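Colleague: Please walk me through how to read the features of this model.

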Amino acid sequence: PENRLLARGPRMRLDAEAIRDGALRASGLLSDRVGGPSVFPYHPAGLWPEINNRPNYSRTYQQDSGEKLYRRSLYTFWKRTVPPPSMAAFDAPGREFCRVRRSRTNTPLQAFVMLNDPQFIEAARHLASRMIHEAGSAPQQRIAYGFQRCLARDPTAEESGVLAATFEERYAQYRQDVVAATRTVNVGDSPLDQSVDTAELAAWTTVARMILNLSEFVTKP
């Protein structure tokens, strides 16, 4: 009667930086190095000149490589007129003025970023590789490992069944379409896991992308 045992709170999506860092952490790619200059992670080609199309503007975005691609989002270089698009999709504010509280929207573009941005596809590939090497050989064991890495819980029987069926479907597809499998696993600059069959890695990457795109992954517990 006094609401001591039952309570609820508003659904609160994580900030843009936390979502990116969480994906990199789950995959094992996140760099723990502290300090240093700003870094230039993945960014749509040609966006800076397209936005800053004034005469004599010649500066282009020079993407970093190696560890710099996986630094915490805190260190991402921020151009005031061209903020990182993947963060802007998750309501990261501009820097023209101080903002006390960020807005939190829920749009299809956010799912598009989670499923198609190179940073998240690459993170999914590395998460898939960990699911293969660090879990058992059964699909359910690998799916459970992915859930623990991303959501800190085991999947339900229904969730495990859906993802296992997705793996079988995609595995059959990628065995028939080697070009698509190769294209999927070659997103990002990090080295490819050569110890795993390309079709199998691509199929598990698809499963990992689905886990990373769950609402639970981008929402505060």
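Colleague: Is Phe77 buried, partly exposed or exposed?

Modeller: Relative accessible area under 20% is buried, over 50% is exposed, and in between is partly exposed (1.4 Å probe, protein chains only). Phe77 comes out at 24%, so it counts as partly exposed. Phe40 has 17%, so that one is buried. Mind that this is a predicted model, where local features need pLDDT of at least 70 and side-chain atom pairs count only at pLDDT 80 or more, while totals for chains, interfaces and linings use all residues. Residues are numbered from 1 along each chain as its sequence is written, and side-chain values use heavy atoms, with hydrogens and water left out.

Colleague: And for the whole chain, what share counts as buried?

Modeller: 44% of the 221 residues in the protein chain.

Colleague: On to the rings: how many aromatic pairs are there?

Modeller: Rings of Phe, Tyr and Trp (its six-membered ring) pair if their centres lie within 6.5 Å; planes under 30 degrees apart are stacked, over 60 edge-to-face, the rest tilted. Here you get four pairs. Take Phe40 and Phe77: the ring centres are 4.7 Å apart and the planes sit at 20°, so this pair is stacked. It links distant parts of the chain, 37 residues apart: Phe40 is in the loop between α1 (16-27) and α2 (47-51), and Phe77 is in the loop between α2 and α3 (85-88).

Colleague: How do Phe167 and Trp204 pair up?

Modeller: They're stacked, with 4.2 Å centre to centre and 20° between the planes. Phe167 belongs to helix α7 (residues 157-176) and Trp204 to helix α9 (residues 198-212), so the pair ties together parts 37 residues apart in sequence. Both Phe167 and Trp204 are buried.

Colleague: Which residues form one aromatic cluster?

Modeller: Phe40, Tyr61 and Phe77.

Colleague: Which ring does the charged end of Arg71 sit over?

Modeller: For that, NZ of Lys or CZ of Arg must be within 6 Å of the ring centre and within 35 degrees of the ring normal. Arg71 has its charged end over Tyr75, 4.2 Å from the ring centre. Arg175 lies over the face of Tyr171, at 4.3 Å from the centre of the ring.

Colleague: How many helices and strands does the protein chain have?

Modeller: Both are DSSP runs numbered from the N terminus: helices are H or I with at least four residues, strands E with at least two. The protein chain has nine helices and zero strands.

Colleague: At what angle do α5 and α6 cross?

Modeller: Axes are lines fitted to C-alpha atoms, for helices over the stretch in contact, with angles from 0 to 180 degrees between N-to-C directions. Helix α5 (residues 118-134) and helix α6 (residues 139-151) cross at roughly 125°, their axes coming within 9 Å. That makes α5 oblique to α6 (under 35 degrees is roughly parallel, over 145 roughly antiparallel, 65 to 115 roughly perpendicular, the rest oblique). Contact means heavy atoms within 4.5 Å, and here Leu127, Arg130, Met131, Ile132 and Glu134 in α5 meet Arg142, Ile143, Tyr145, Gly146, Arg149 and Cys150 in α6.

Colleague: And at what angle do α8 and α9 pack?

Modeller: About 60° for helix α8 (residues 178-185) and α9, with the axes 9 Å apart. That makes α8 oblique to α9. Ala181, Thr182, Thr184 and Val185 of α8 make the contact with Thr198, Ala199, Leu201, Ala202 and Thr205 of α9.
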